[in-house]
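Subject: Structure handover and findings

Hello,

Here is the structure for you to take over. My notes on what turned up follow below it.

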Amino acid sequence: MSKYLLNKFLFTVDRDPELVERYREQPRATVEWWEAEYANRILGCHSGESSTWLRFDDAEREALAGHDYPKLFELGAHPFLTLTLFIAMFERDYSEPLGFQLEYARRLAHHQLPYPDIAT
């Protein structure tokens, strides 16, 4: 398991409006593409520099492909990164202000302190 890679996915997708839409509409294909093409890129570095070993494990891949933000929280993904990306994807589906944020809170309400460790 790599909390770093989960957070890198959330961070990079959230900053690209086209990827946000792609992830909303085709989550599994987007996760597979991102893992193959983007996971090993070194952020903030020229395009020729990359690593070779970063991969999601099955639980991470399934949580991302299923838009399962409660599971991502349990796996240690940073809640701010998860919340901001999922707001961008799903806020429009709710008619009331803060509708998605309230749903997010409801679905995570069963967690009690101490929360899962988000340190990378």
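His 67 sits in the loop between α4 (58–65) and α5; helices here are DSSP runs of H or I with at least four residues, strands are E runs of at least two, and numbering goes from the N terminus. His 67 is not a glycine, yet its phi is positive, at about 50 degrees. The residue counts as buried, at 13% relative accessibility. Buried means under 20% relative accessible area, exposed means over 50%, and partly exposed lies in between (1.4 Å probe, protein chains only).

Before going further, note that this is a predicted model: local features need pLDDT of at least 70, side-chain atom pairs count only at pLDDT 80 or more, and totals for chains, interfaces and linings use all residues. Residues are numbered from 1 along each chain as its sequence is written, and side-chain values use heavy atoms, with hydrogens and water left out.

Leu 98 also has a positive phi without being a glycine, near 65 degrees. Its loop is the one between α6 and α7. Leu 98 counts as exposed, at 52% relative accessibility.

Overall fold

The protein has seven helices and zero strands. From the N terminus on, the order is α-α-α-α-α-α-α. Of its 120 residues, 42% count as buried. Take the contacts (heavy atoms within 4.5 Å) with a separation of 6 or more: residues 24 or more positions apart account for 63% of them.

Helix α1 against α6

Two packed helices are described by the angle between their axes and the distance between the axes. Helix α1 (residues 3–14) packs on helix α6 (residues 79–90) at about 40 degrees, with the axes 9 Å apart. The axes are lines fitted to C-alpha atoms, for helices over the stretch in contact, and the angles run from 0 to 180 degrees between N-to-C directions. The crossing is left-handed, that is, the near helix is turned anticlockwise from the far one by less than a right angle.

Which residues in α1 meet α6? They are Asn 7, Leu 10, Phe 11, Val 13 and Asp 14. On the α6 side they meet Leu 81, Thr 82, Thr 84, Leu 85, Phe 86 and Ala 88. By class, this contact has seven nonpolar, three polar and one charged residues. Nonpolar covers Ala, Val, Leu, Ile, Met, Phe, Trp, Tyr, Cys and Pro; charged covers Asp, Glu, Lys and Arg; the others, Gly among them, are polar.

Residues in α1

Leu 5 belongs to helix α1. At 0% relative accessibility, Leu 5 is buried. Beyond its neighbours within four places in sequence, Leu 5 contacts Trp 34, Ala 39, Leu 54, Arg 55 and Phe 56. Tyr 4 and Ala 119 are 115 residues apart in sequence and 8.5 Å apart in space, C-alpha to C-alpha.

Aromatic rings

The structure holds 13 aromatic pairs. Rings of Phe, Tyr and Trp (its six-membered ring) pair if their centres lie within 6.5 Å; planes under 30 degrees apart are stacked, over 60 edge-to-face, and the rest tilted. Trp 34 and Tyr 38 are stacked, at 5.7 Å centre to centre and 25 degrees between the planes. Both Trp 34 and Tyr 38 are buried.

Tyr 69 and Tyr 104 are stacked as well, at 5.0 Å and 15 degrees. This pair links distant parts of the chain: Tyr 69 is in helix α5 (residues 69–74), Tyr 104 is in helix α7 (residues 99–108), and they are 35 residues apart. Tyr 69 and Tyr 104 are both buried. Ring pairs join a cluster whose members include Phe 9, Tyr 23, Trp 34, Tyr 69 and Tyr 104.

Two arginines lie over ring faces. Arg 107 is over Tyr 69, at 4.7 Å from the ring centre. Arg 22 is over Trp 33, at 4.4 Å. The criterion is NZ of Lys or CZ of Arg within 6 Å of the ring centre and within 35 degrees of the ring normal.

Gly 76

Gly 76 is in the loop between α5 and α6. It is buried, with a relative accessible area of 0%. Not counting residues up to four places away in sequence, Gly 76 touches Lys 3, Asn 7, Asp 117 and Ile 118.

Best wishes
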